Number of protein chains: 2
Amino acid sequence: MSSTATTGPARAEQARVEQARATVQVYDTTLRDGAQQEGMNLSVADKLAIAPLLDELGVGYIEGGWPGAIPKDTEFFARAAKELDLRHARLAAFGSTCKAGSQPHEDAQVRALVESEAPVITLVAKSDLRHVERALRTDGQENLRMIAATVRYLVGLGREVILDAEHFFDGYRYDPVYALSCVRTAFDAGAATVVLCDTNGGMLPDWVTQVVSEVRAATEGRLGMHAHNDSGCAVANTLAAVAAGAGHVQGTVNGYGERTGNADLLTCVANLQLKHGTTVLAEDGLAESSRISHAISEITNISPYGRQPYVGASAFAHKAGLHASAIRVDPDLYQHIDPVAVGNDMRMLVSEMAGRASIELKGRELGFDLAGQAELLGRVTQRVKDAEAAGYTYDAADASFELLLRAELEHGRVPHFFDVESWRTFVEHRPGKDGQVDSEATVKLRTGHGRMISTGEGNGPVNALDHALRGALVGTYPEIEDFELIDYKVRILDTQQGTDATIRVLIETSDGVASWSTVGVGTNIIEASWEALTESIVWGLLHHGVEPR
Amino acid sequence: MSSTATTGPARAEQARVEQARATVQVYDTTLRDGAQQEGMNLSVADKLAIAPLLDELGVGYIEGGWPGAIPKDTEFFARAAKELDLRHARLAAFGSTCKAGSQPHEDAQVRALVESEAPVITLVAKSDLRHVERALRTDGQENLRMIAATVRYLVGLGREVILDAEHFFDGYRYDPVYALSCVRTAFDAGAATVVLCDTNGGMLPDWVTQVVSEVRAATEGRLGMHAHNDSGCAVANTLAAVAAGAGHVQGTVNGYGERTGNADLLTCVANLQLKHGTTVLAEDGLAESSRISHAISEITNISPYGRQPYVGASAFAHKAGLHASAIRVDPDLYQHIDPVAVGNDMRMLVSEMAGRASIELKGRELGFDLAGQAELLGRVTQRVKDAEAAGYTYDAADASFELLLRAELEHGRVPHFFDVESWRTFVEHRPGKDGQVDSEATVKLRTGHGRMISTGEGNGPVNALDHALRGALVGTYPEIEDFELIDYKVRILDTQQGTDATIRVLIETSDGVASWSTVGVGTNIIEASWEALTESIVWGLLHHGVEPR
């Protein structure tokens with residue numbers, strides 16, 4: 001070991017001190033304010049799994065919850081102290097100032113914050129006089145005393161104290177003198193940071209600029225911004241606050257939070273680092289942000305939002321035929337950043353807008369060089385257009401597109417793995433079976449090994465058909481044992497015709513390593529499903545290097 | 001008729017002229033740029049169904065597509081001219097300037113714009129010199145000629161011409177003199193509006209403010225803003241442009257669009273009207289925006305985003321806890337706007353009181369006075385909660401909700417019209433039938449007239465089942481001859497489990513006068529469809545005053 005090397009814990013502490021000094025601190029509240037999101041319910045284990053991902057992202061602070069008020073959060077801090085080994089972030093416990101008429105050391109809720117052993121304590125306090133009077137049912141002076149006493153008490157115990165000034169912006173517009181006095185009181189009592197909260201989320205950037213500038217001019221300590229997205233401006237409001245002098249931003253991964261959510265921390269930090277040139281995350285966390293975003297959504301079990309800026313699955317997905325030809329030549333002209341900077345990828349979508357250029361580009365992505373083959377490209381483009389007019393879509397069905405492309409290629413014909421003779425599926429609700437419904441399917445087909453007949457059951461007709469098809473093929477092609485149908489989507493394309501409408505089915509299949517998607521279309525949902533099912537098997541066999549047997 | 005009354009078409013034209021004069025014009029591009037969204041594929045029928053909803057919202061312009069380039073869009077304009085009766089909006093056809101080295105009247109694409117008969121033509125043109133040289137492969141002078149010639153040609157034919165200056169912001173930062181010359185050229189040639197496009201979506205509000213202010217100072221005509229959300233700032237960028245002098249905003253409903261989407265027009269207009277006090281929509285469209293947002297997402301079949309500002313299902317949903325009691329007393333202190341202004345509702349997620357209140361309200365809507373019946377309300381609320389947890393939704397299935405409610409009411413029990421003994425459906429692809437697939441279903445049930453067995457065919461298993469069910473009932477209840485299944489929707493609720501996922505079916509039935517909707521849920525699509533089908537018959541018979549026979 002070199003003599004200049006610092007030990008692990010010392011290095012971690014040093015990293016934390018550096019982040020604390022940073023121009024703009026990054027404070028994550030996914031585990032506390034993010035967990036207020038409708039449909040989200042994080043267990044202690046979930047929180048303990050998310051915290052290391054936030055640390056890996058490189059945030060300076062992780063707010064873990066409200067110990068004392070929420071039993072699960074008390075347990076989180078107890079376990080976090082033992083189980084978490086954070087490299088960059090300091091853990092923050094969220095709580096309230098002491099109650100009106102009480103002292104902090106007598107207040108059970110404040111004591112629980114101390115007992116959480118979190119090095120950082122974030123106190124929420126009212127700064128809107130109307131809330132003081134109507135919700136706290138006390139007066140402005142007493143509220144200031146509660147702020148001063150609680151901040152001083154916790155600072156005296158060696159904690160870093162952050163004050164979240166709740167409803168600050170609405171309060172400032174109502175009574176700026178009082179709102180400012182809350183900020184000054186907290187700084188005077190030793191708060192490291194006072195966070196101006198747009199709790200109702202209704203601010204617009206111009207208003208944020210004005211208020212933060214005025215508070216900046218009137219006070220000296222570090223100011224923070226806590227924004228919600230009710231006006232669709234949470235990210236812009238956060239940037240406006242930083243430009244006006246805030247040195248601390250709060251937010252949540254994926255913008256989780258109550259109502260419309262909090263400011264999406266991933267978007268905020270990407271904008272600050274890539275557009276303002278202000279490094280706010282430790283190490284190269286930003287380049288991991290797409291992965292971390294998705295890993296956290298696996299834990300929260302909230303479906304990822306494809307259109308999420310920077311890290312969303314569609315964030316760098318190009319569809320327009322108009323641009324495809326040029327994107328090929330000059331990707332930088334068509335993307336606001338290089339997707340690698342946030343760990344994301346450019347993707348080309350094939351669609352009816354597609355001209356030959358995007359077909360060519362998509363072909364290249366799939367490993368087919370179509371450059372210069374004008375006649376072939378024209379044929380494929382026409383087939384794609386015809387198919388899309390009939391209801392097919394290749395945006396989300398790369399495997400079906402590849403089969404279409406191969407069918408047009410002279411030397412890349414799709415191998416013929418099996419001949420279908422017939423198939424049928426039925427669903428039956430029989431008398432005396434207490435509501436039970438049976439689904440069954442039979443498939444008859446031929447491979448080089450002979451004629452195969454297989455019957456499968458399932459919890460629906462398509463599931464039964466899937467089982468029967470695999471049953472008929474597995475003797476000849478044991479490779480398909482690894483294939484699993486992992487996603488099945490149905491869309492009615494023309495909703496004005498009841499059950500006569502055209503139906504599109506998208507199927508995603510996995511072999512445990514990769515996954516691929518196929519599409520089927522018809523007026524009959526079973527027929528459309530059959531088409532997508534058989535294509536998924538054919539593509540899978542093809543890509544496992546299987547020859548027809 | 002009063003002598004001061006204007007005729008329908010004259011009133012419509014007057015409304016359009018007023019919108020054209022408005023301080024800030026609202027230009028919707030859901031049908032064109034929104035359709036670039038990954039996974040979206042709008043049919044002509046879809047577009048014809050969405051356009052009247054946009055008109056109802058009160059936008060000034062509806063961009064319908066690119067006639068000539070996309071056959072479906074050519075058809076849309078042809079049918080729109082005959083079938084749409086727009087009250088507020090003018091239809092705009094999107095297209096490109098003439099090609100380098102050609103004249104507009106010789107350019108097939110420009111001619112298709114003219115032939116679309118759209119009163120407004122929006123021309124996309126390059127304004128970034130790098131794009132001119134690398135993508136168009138021509139020079140700056142020729143590009144200016146193409147703009148001037150095409151605008152002049154179309155204005156000469158009496159069309160309102162809007163120029164979309166593509167990649168304007170990037171272009172302006174690269175070469176402001178050239179970018180400005182594109183804007184000036186378009187105005188000089190007669191363009192009504194020049195729209196500054198942040199095509200890559202990478203701008204931040206401060207930069208937009210700066211660029212739009214400079215262009216505003218250097219030119220005289222109406223400027224517009226077209227923003228994408230790649231930095232998470234599309235709405236803020238749009239507001240910044242308006243504050244800097246833009247008088248025309250483009251966007252899409254629900255923020256649909258390529259990559260991260262376009263500026264969400266609903267959020268933009270709500271901010272402009274409710275926060276800036278600038279009325280931009282005709283009549284009271286804003287109060288309908290939640291309903292219109294959801295109706296459009298039913299047509300696009302893109303799942304609504306719960307956290308969408310203003311109109312999202314969670315936008316005014318408060319997780320009870322810290323604020324619960326205070327919110328009830330003083331909602332204005334906890335909401336940035338009154339949700340009624342956008343046709344949305346406050347919801348309390350944990351508070352049972354709020355649940356009961358909305359059930360009571362819903363009951364009253366359907367003609368059942370539940371006031372004061374606390375025990376009954378509690379039971380119904382619990383049943384609704386359990387059913388929604390299982391995947392049911394009653395938002396769009398009033399008839400199923402009424403049947404649930406009646407089942408809990410002492411004196412309103414659902415009459416028992418028939419007893420199902422069994423049903424089955426099968427789909428078969430037989431050998432030697434040249435790809436033909438047969439669907440058949442058999443239903444066995446009892447009415448007061450005896451045991452009925454009926455077999456039906458159809459173009460799919462649900463269609464066959466529908467025919468068989470009607471066949472079994474029509475002898476006893478001839479009233480159902482008037483019932484017709486007019487809409488059938490399927491949604492996969494949990495997409496992580498392939499064909500094992502929970503499936504929700506919504507069915508709309510009409511008797512030629514009224515229509516009603518029912519819901520069914522299950523892992524088996526046929527079983528879920530059967531549930532919705534039988535409920536649609538029961539509700540229909542009930543509301544035709546039929547007694548069980």
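Mentor: The centres of domain 1 of chain A and domain 2 of chain A, taken over C-alpha atoms, are 43 Å apart. The model is predicted: local features need pLDDT of at least 70, side-chain atom pairs count only at pLDDT 80 or more, and totals for chains, interfaces and linings use all residues. Residues are numbered from 1 along each chain as its sequence is written, and chains are lettered from A in the order in which they are written.

Trainee: Which bounds does the domain assignment of chain A give?

Mentor: Domain bounds come from an automatic or database domain assignment. Here, domain 1 of chain A covers 21-300 and domain 2 covers 317-383.

Trainee: How many residues does the contact take from domain 1 of chain A and from domain 2 of chain A?

Mentor: Two residues are in contact if their C-beta atoms, placed from the backbone, lie within 7 Å. Domain 1 of chain A gives eight residues and domain 2 of chain A gives five. On the side of domain 1 of chain A, α11 (265-275) and α12 (289-300) of chain A are the elements that give two or more residues; helices are DSSP runs (H or I, at least four residues), numbered from the N terminus.

Trainee: At what angle do helix α9 and helix α10 of chain A pack?

Mentor: Axes are lines fitted to C-alpha atoms over the stretch in contact, and angles run from 0 to 180 degrees between N-to-C directions. Helix α9 (residues 205-218) and helix α10 (residues 234-243) of chain A pack at about 30 degrees, with axes 8 Å apart. Therefore α9(A) is roughly parallel to α10(A) (angles under 35 degrees). Among the residues making this contact are V208(A) of α9(A) and A240(A) of α10(A).

Conventions:
Angles under 35 degrees count as roughly parallel, over 145 as roughly antiparallel, 65 to 115 as roughly perpendicular and the rest as oblique.
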